[in-house]
Amino acid sequence: MGAMLRNPKLWLFVLCLLPLVRLFVLGFSGGLGANPIEFITHSTGTWTLIGLLVTLSITPLRRLTGRTDLIRYRRMLGLFAFFYATLHFITYVWLDQFFDLAGIAKDIVKRPFITVGFAAFTLLVPLAATSTHAMMRRLGRRWQQLHRLIYLIALLGVIHYLWLVKKDLTQPLIFGTVLVLLLAMRLPWGLRVLHAVRGRLARPNERKTESSAERLARSRGT
Ligand code: HEM
């Protein structure tokens, strides 16, 4: 039990469930506002996008900190993004459209922001389906190529958001800026910036080790 509680993956799992728990709590306490469907759509859509961006931040963070173990959390984060995207989609299909398939098809064709959102969700499905270690081994290099679709999916997510917002573009633009930065950190110059920042972060530690080594040398009188 103690070992389980010390497992960071368990805590991350609980953390990722909190947006859903919040929706339930608000739902049962009448806190979803005048338009609960809109509230749930907005919440699940926002958490899908946050999930995608957090998943995309793992590789730059790993490069910045040298903590290779961070990769262990990437799959769970990606699957949570898919989980919230599925809830978002179900909210639309069930609560918003009442399974009116003809209406949904018309919406997908006629409303550009729905077209883009639907494309992003459709592309997420094969990534979730191939997220297991067995699939990773089976697909080999093709797995990596397939999972690069995450860049396009996140971009479509931001475009979907930008397109649906009528007045204040601040929030989608913030998401867009974060995405551009995360993508830039994968380009050669972005990698150079990460490398330089990592060097700066590492230097104080190097100094610390040097001084303790010096101290040791002094105590030995060498
Ligand atoms: C990866 C896929 C998707 C992402 C990242 C995403 C993200 C978002 C975000 C961030 C919002 C706005 C939240 C807010 O206003 O605070 C939103 C709203 C919305 N999304 Fe999505 N979405 C995705 C897929 C879809 C799909 C597949 C559909 C339906 C086919 C859909 C339908 C909607 C609708 C109807 C709204 C509300 C529009 C309004 O308020 O006028 N989304 N989505």
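## Report on the predicted model

Pro-36 is located in helix H3; helices here (H or I, at least four residues) and strands (E, at least two) are DSSP runs, numbered from the N terminus. The model is a predicted one, in which local features need pLDDT of at least 70 and side-chain atom pairs count only at pLDDT 80 or more, while totals for chains, interfaces and linings use all residues. Residue numbers start from 1 along each chain as its sequence is written.

Pro-36 is classed as partly exposed because 16 other C-beta atoms lie within 10 Å. With C-beta atoms placed from the backbone, a residue is buried if 20 or more other C-beta atoms lie within 10 Å of its own, exposed if 12 or fewer, and partly exposed in between.

### Selected positions

| Residue | Class | Other C-beta atoms within 10 Å |
|---|---|---|
| Thr-86 | partly exposed | 16 other C-beta atoms |
| Phe-98 | exposed | 9 C-beta neighbours |
| Phe-99 | exposed | 8 other C-beta atoms |
| Ala-119 | partly exposed | 17 other C-beta atoms |

Thr-86 belongs to helix H4, and its C-alpha atom is separated by 8.9 Å from that of Thr-48, 38 residues apart along the chain. Ala-119 is part of helix H6. The C-alpha atoms of Ala-119 and Pro-36 are 83 residues apart along the chain and separated by 25 Å. For Pro-36 and Lys-106, 70 residues apart along the chain, the C-alpha separation is 24 Å.

Phe-98 sits in the loop between H4 and helix H5 (101-110), and Phe-99 lies in the loop between H4 and H5 as well. Phi of Phe-98 is near 50°, a positive value in a residue other than glycine. Phi of Phe-99 is near 60°, again positive in a residue other than glycine.

### Overall architecture

The chain contains 11 helices and zero strands, and its pattern along the sequence reads α-α-α-α-α-α-α-α-α-α-α. Its radius of gyration is 22 Å, whereas a compact globule of 222 residues would have a value near 17 Å; the radius is taken over C-alpha atoms, and the globule rule is 2.2 Å times the number of residues to the power 0.38. Along the principal axes, the C-alpha atoms fill a box of roughly 85 × 45 × 40 Å. Buried residues make up 17% of the 222 residues.

Two residues are in contact if their C-beta atoms, placed from the backbone, lie within 7 Å. Of the contacts in the chain with a separation of 6 or more, 64% are accounted for by residues 24 or more positions apart.

The chain is divided into domain 1 (2-185) and domain 2 (187-222), with bounds that come from an automatic or database domain assignment. The C-alpha centres of domain 1 and domain 2 lie 38 Å apart. Six residues of domain 1 are in contact with five residues of domain 2. On the side of domain 1 that touches domain 2, H3 provides the largest share, three residues. By class, that side of domain 1 has four nonpolar, one polar and one charged residues. Ala, Val, Leu, Ile, Met, Phe, Trp, Tyr, Cys and Pro count as nonpolar, Asp, Glu, Lys and Arg as charged, and the others, Gly among them, as polar.

Which residues are closest to the ligand? Among the 22 residues that surround the ligand, the closest are His-42, Gly-45, Gly-117, Ala-120 and Gly-157; the criterion is a C-beta atom, placed from the backbone, within 6 Å of the molecule. Helix H3 (36-65), helix H4 (74-96), helix H6 (112-129) and helix H9 (149-164) are the elements that give two or more residues to this shell. H3 contributes the largest share, seven residues. The shell has 12 nonpolar, nine polar and one charged residues.

H9 has 16 residues and reaches 22 Å from its first C-alpha to its last, close to the 22 Å expected at 1.5 Å a residue; the expected span is 1.5 Å times one less than the number of residues in the helix. Its buried residues are Ile-153, Ala-154, Leu-156, Gly-157, Val-158, His-160 and Tyr-161. The cover over these buried residues of H9 includes H3, H6 and helix H10 (170-184).
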